[in-house]
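The sequence and structure come first.

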Amino acid sequence: MNGTDGADGVRDGRDGGPDDGGSGRPAGTAEPAGIGAEIEADLLEEELRQAAAVLDPLPPVLLQAAVDAYALHRLDAVVAELTFDSLVDALPVRGAEDPPRMLTFSAGEVTVDVEVSAHGLMGQLLPPRPARIEVLGGPRPGSSLTADDLGRFTGAAPPSGPFALRLRTGGDVIETEWLRT
Amino acid sequence: MRSGTVPSAAYDDVPYTRGGTVERTDVGALVRSAAGGDAAAWKAIVEGLGPLVWSVVRAHRLSDADAHEVYQTVWFRFAQNLGRIREPEKTGAWLASTARHECLKVLRNARRLTLTDDPRLLDRVSEDGTPEQSLLEAEEAAAQSERVRRMWQEFEELGDRCRQLLRVLIASPPPSYQEVSAALGIAVGSIGPLRQRCLRRLRARLEARGAM
C-alpha cells in the first residue's frame, strides 16, 4: 500500500488482525490499486507454490504409503479412541529422563491401558479378559502378543513410528486409534 | 549448493499438481465410495489431499523422519476411521487438523525435536522429488532455477508465523481457508489479511535483494 510494508511487516506471535490501518476493507469494495495488489499477491503465491512443488514436494514414497494404507480400512473392527496420553495430559516427571508413555484407549465398556518405554510394551485390557493382540506398525501384519485371563500383556517395545494394537477377544476385533510412539 | 539440481523446467510437469486434483465438492462422494470398498476412490483422495497433509507437516518444521512418521500416522488413522467420518465433505479439514495435532505432540516431545537443517535429510527429500533433473540444461532454466531457489530462501527466512501460514497455503491443489484454519488453529477470518501481509513481506524481501 505505502511501499514500506516490508518494514512494518507482520509481527510474529501476534494474532493477525488488520491493524495496519485502512487495509481492512472488504475485497468487494477494493479500489483499482487494491485489485492490483490482490492479483500481485495471487501471482506471488502461485510462484511460491511452484517453488514448493520443486524444492519440497510430497515424497513419492509417502504418496505410496498413503495409497497402501487403504488396507487398514476394516469394517469389522471397533476403534478404541485415545482418551489419555501422558505426552499431552500429564505433567512431566521431574528428573525422569525418558518416562514411559502412558496411553489409554476406550471403546464403550472396553478400556485398553498401554505403557510404552524403551524397554518394552505392557498393558491391560479391561474388563479383564484374554485376547490375541497384534502390534501394528502399518498395513502389513505385525508381531503377536497374548493377553492372559486378567487381560495383561507384555511385549517388546514397538519401533518408533505409527503404532496401533489390534485385539481379538471373543468374537470382537478392537483396534486402538493410530498414533505415533 | 543445490542450485545445480533444481529442476525449474519441471514447472510444466510437476506430478503432484497434475492428475490427482480432487474437486473439493467431490471429496464427500469419494470418501463414501472408498468406505464402501472403492480403492480407486481412496487413491483419488490420497492424491488430492496428500500434498495438503505434507504441507501441514512441513509448516511445523518437523525433522524429515518425524515428518514421514506423522504423515503416515495421519493416513493410517484416516483409513481406520473411514466409515465413521461424520462430515465426509470436510475430509481435508479432518486430515489437516489431525496432522496439526500430531505435529504439536512431536514438538512437545522435545527429546525428539531436531530441525530440518541436516543437509543429508534435505538431500534425501530433494532426491525423492526431482526425477526430472535431466531436463535442466538451457540457460533460461538455470536463471529460473536461481529465481526459485532465491524465492525459497527468502520464504524460509520469513518469521515463523508467515512461513507457517504460507507453507500450508501453497499446498497443491490450493487448500480452502477451512482447511488452512484446521491446519494451523487460526480463525478463518484472519487468514485473508494475514496472507496479504505475509505475501507483501515476502515481496519486499525479494525486492530488497533485487530478485523481483
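## Helices 7 and 8 of chain B

In this predicted model, helix 7 (residues 160–169) of chain B packs against helix 8 (residues 177–184) of chain B at an angle of about 135°, and their axes are 10 Å apart. Angles over 145 degrees would count as roughly antiparallel and 65 to 115 as roughly perpendicular, so helix 7 of chain B and helix 8 of chain B are oblique to each other. Their crossing is right-handed.

From helix 7 of chain B, the residues that take part are Gln164(B), Leu165(B), Val168(B) and Leu169(B), and they meet Tyr177(B), Val180(B), Ala183(B) and Leu184(B) of helix 8 of chain B. Sorted by class, this contact has seven nonpolar residues, one polar and no charged.

Helix 3 (residues 60–68) of chain A and helix 2 of chain B have axes that come within 9 Å and cross at roughly 135°. That angle makes helix 3 of chain A oblique to helix 2 of chain B. The crossing of these two helices is right-handed.

Helix 3 of chain A contributes Leu62(A), Leu63(A), Ala66(A) and Val67(A), while helix 2 of chain B contributes Trp42(B), Lys43(B), Val46(B), Glu47(B) and Trp54(B). By class, the residues of this contact are seven nonpolar, no polar and two charged.

In soluble globular proteins, nonpolar side chains tend to be buried together. The largest nonpolar core here has 74 residues, and the members that touch the most others are Trp42(B), Trp75(B), Phe78(B) and Leu165(B). Helix 2 (residues 39–59) of chain B gives the most to this core, with eleven residues.

Leaving aside residues up to four places away in sequence, Trp42(B) touches Ala66(A), Val67(A), Ala69(A) and Tyr70(A) in chain A, and Ala34(B), Trp75(B), Phe78(B), Ala79(B) and Leu82(B) in chain B. A second, separate core of 21 residues includes Phe105(A), Leu125(A), Ala147(A) and Phe163(A).

## Make-up of chain A

Chain A has four helices and ten strands. Along the sequence, its elements follow the pattern α-α-α-β-α-β-β-β-β-β-β-β-β-β.

Of the 181 residues in chain A, 42% are buried. Taking contacts in chain A between residues at least 6 apart in sequence, 46% join residues at least 24 apart.

Technical notes
Residues numbered from 1 in each chain as written. Chains lettered and ligands numbered in written order. Predicted model: local features only at pLDDT ≥ 70, side-chain atom pairs only at ≥ 80, totals over all residues. Heavy atoms only, no water. Core = buried A, V, L, I, M, F, W, Y, C linked by side-chain atoms within 4.5 Å. Buried < 20%, exposed > 50% of the residue type's maximum accessible area, 1.4 Å probe, protein only. Contact = heavy atoms within 4.5 Å. Axes fitted to C-alpha atoms, helices over the stretch in contact; angles between N-to-C directions. Parallel < 35°, antiparallel > 145°, perpendicular 65-115°, else oblique. Left-handed = near helix turned anticlockwise from the far one by under 90°. Nonpolar A, V, L, I, M, F, W, Y, C, P; charged D, E, K, R; others polar.
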